[in-house]
Amino acid sequence: MFKKLKNIFGGPKQQLVVLAPVAGTTIAITEVPDPTFSEEMLGKGVAIKPTGGRVVAPINGTVALMFDTGHAVSLLADDGIELLVHVGLDTIKLKGKHYTVHAKNGDRVKAGDLLMSFDTEGIAADGYNTVTPVLVCNPDDFEHFEMETGQTVQELQPIMRLVKKPL
């Protein structure tokens with residue numbers, strides 16, 4: 001009850017942070033050359049042009065869905081963020097080639113745990129873009145988004161800051 005009263009009467013708003021799941025350069029999601037991502041059909045977020053070949057958990061939470069092909073993972077953060085990390089564009093067509101899965105559905109993860117690895121050069125050699133969208137799939141639960149774009153980031157550097165809507 002006190003939590004609801006605190007939210008109603010303007011208690012301090014908690015800022016939630018999503019960390020970089022891959023090293024690389026951040027770009028605005030609107031710059032991703034795929035309308036599914038650039039038009040925010042799946043959610044709000046940023047994308048990373050990867051320089052490494054690992055995806056680590058960008059939050060503390062649970063693996064909701066690790067795709068069999070290893071090209072994407074959906075996570076449910078302990079703080080309520082529903083997150084999708086999608087390595088490359090149309091890479092589902094690779095059917096798992098160039099990807100190794102290191103986590104499974106239902107696994108509890110903490111920020112920094114290895115989720116998957118991938119061969120950036122192999123993916124590119126097969127003709128696929130390796131840009132990696134990182135999306136909040138429940139954006140309506142948040143009233144404020146701050147995205148870090150145009151920056152070189154290492155794994156686990158902040159890339160998004162969110163503020164939850166009051167209950």
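A residue is called buried when its relative accessible area is under 20%, exposed when over 50%, and partly exposed in between (1.4 Å probe, protein chains only). Helices (H or I, at least four residues) and strands (E, at least two) are DSSP runs, numbered from the N terminus. The structure is a predicted model, in which local features need pLDDT of at least 70 and side-chain atom pairs count only at pLDDT 80 or more, while totals for chains, interfaces and linings use all residues. Residues are numbered from 1 along each chain as its sequence is written, and side-chain values use heavy atoms, with hydrogens and water left out.

Strand β14, residues 158-164, is mostly covered, with 5 of its 7 residues buried. Two strands are taken to pair if DSSP finds at least two bridges between them. On this basis an open sheet of 3 strands was found, with the order β1-β14-β12 and antiparallel pairing. Its edge strands are β1 and β12, each of which pairs on one side only. From one strand to the next the twist averages 20°; axes are lines fitted to C-alpha atoms (for helices over the stretch in contact), and angles run from 0 to 180 degrees between N-to-C directions. Strands of a sheet pair through backbone hydrogen bonds, either parallel or antiparallel.

Strand β1 (residues 15-19) pairs with β14 over 5 bridges. Within β14, Leu 162 stands opposite Leu 16, and Arg 161 is the bridge partner of Val 17. Strand β12 (residues 142-147) is also joined to β14 by 5 bridges, with His 144 opposite Val 163 of β14.

In one of them, Arg 161 is joined to Glu 148, with the closest N and O atoms 2.9 Å apart. Glu 148 lies in the loop between β12 and β13 (152-153), and the two residues are 13 residues apart. Glu 148 is buried, because its relative accessible area is 15%.

Lys 97 and Asp 126 form another salt bridge, at 3.1 Å between the closest N and O atoms. Lys 97 is in the loop between β7 (82-86) and β8 (99-101) and Asp 126 in the loop between α3 (120-125) and β11 (132-136), so the pair ties together parts that are 29 residues apart in sequence. Lys 97 is partly exposed at 44% relative accessible area, as is Asp 126 at 34%.

A nonpolar core is a set of buried Ala, Val, Leu, Ile, Met, Phe, Trp, Tyr and Cys residues joined through side-chain atoms within 4.5 Å. The largest such core has 34 residues, of which Val 18, Ile 81, Leu 83, Leu 115 and Ile 159 touch the most other members. A second, separate core of 10 residues includes Ala 47, Leu 89, Val 131 and Leu 135. Contact means heavy atoms within 4.5 Å. Apart from residues up to four places away in sequence, the contacts of Leu 83 include Val 18, Pro 58, Val 73, Leu 135 and Met 160.

Ser 117 is located in strand β10 (residues 114-118) and counts as buried because its relative accessibility is 19%. Its side chain makes a polar contact with that of His 102 at 2.9 Å. A polar contact is a pair of N or O atoms within 3.5 Å; within protein, one must be able to donate a hydrogen and the other to accept it, and residues adjacent in sequence count only if both atoms are side-chain atoms.

Notes:
Salt bridge = Lys/Arg side-chain N within 4 Å of Asp/Glu carboxyl O.
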